[in-house]
Amino acid sequence: MNWVNSSNRRTFWLILSLGFLIRIALTFATRVYRFGWTVEPVDLAISLAQRGTFADPFGSHSGLSAHSPPLYPFLLSVLVRLFGSGVPGFMAFAVFASVQSSLQWALFVFLPGALQIPRRVPILAAFAGALFPFQRAYEIDGLWENILAACALIGLTSLTATWLRDRSRRATVVMALSWGLALYVTPGLLPVLVAWLGYGLFAKALPERSVPTYAGNVVLMTVIIALTVLPWTARNYYQLGSLVWSRDNFGLELHMAYNDCAVATFEENTSTGC
């Protein structure tokens, strides 16, 4: 990967540092960590840290769930174990979010080399995004996985574009493991992978008359990705009774809406104990 050179690394660290300092300043200026909002990934993280179960996305007693993809709640649960679920914990979430949101812009540095496109526009976009946090609520509160998903998407874009030029067995294994782990962040990345593989078939394999080799790599990749998401799928089958490889919460939401003591509003439903 010759696009990971010393010049790009220096620019990467510069953008990461600028973005982080600005977001940390915003965090302490707005004191967003005082509000202690608990959304589904946070409730799952608290359940993991305090009770060891991936459960209760709508507060206590809402039960086992696959409501969120597992990786982000697991990461937040580490912070809950270290700092608790009060103000120090939410401060840790904010610092974690600042790192992620700065990283998403710093990763733009590697896109020109990986995609073989002009350097100016991605670098300008990276500095603009780092200096002006236009999604401030998401970029400094750390409650949702969308910023981590953006980091994964940008990294996978560089990795996949490089793989299409290489397509060695080792590169195929690395890319498959990376995509498999990314699906633990958000299953919404799967259509992006399918689009990349379709592009590779028509833009690379067919013109190069290497379809059999390309198909073999795709099969290997599919097997590795399936094995990567197998633990989560098995957990959902044994604990929830369904082969869910991604995320699903239909049963829990149906129960909360139609149980014997269901009421009209979301806030009341989450506190009825049913």
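Is Leu 227 buried or exposed, and what is its relative accessible area? Leu 227 is exposed, at 54%, where exposed means over 50% relative accessible area, buried under 20%, and partly exposed in between (1.4 Å probe, protein chains only).

The model is predicted, so local features need pLDDT of at least 70 and side-chain atom pairs count only at pLDDT 80 or more, while totals for chains, interfaces and linings use all residues. Residues are numbered from 1 along each chain as its sequence is written, and side-chain values use heavy atoms, without hydrogens and water.

Leu 227 lies in helix H11, and Ile 224 is found there too, the helix covering residues 211-240. Helices are DSSP runs (H or I, at least four residues), numbered from the N terminus. Ile 224 counts as buried because its relative accessibility is 13%. Between the C-alpha atoms of Ile 224 and Val 174 there are 9.6 Å, although the two are 50 residues apart in sequence.

The table lists contacts (heavy atoms within 4.5 Å), leaving out residues up to four places away in sequence.

| Residue | Touches |
|---|---|
| Ile 224 | Val 173, Ala 176, Leu 177 |
| Ile 225 | Ala 176, Trp 179, Gly 180, Leu 183, Leu 193 |

A nonpolar core is a set of buried Ala, Val, Leu, Ile, Met, Phe, Trp, Tyr and Cys residues joined through side-chain atoms within 4.5 Å. The largest one has 28 residues, and Ile 225 is one of those that touch the most other members, including also Trp 179 and Met 221. Helix H11 gives the largest share of this core, 7 residues.

Methods:
Helices (H or I, at least four residues) and strands (E, at least two) are DSSP runs, numbered from the N terminus.
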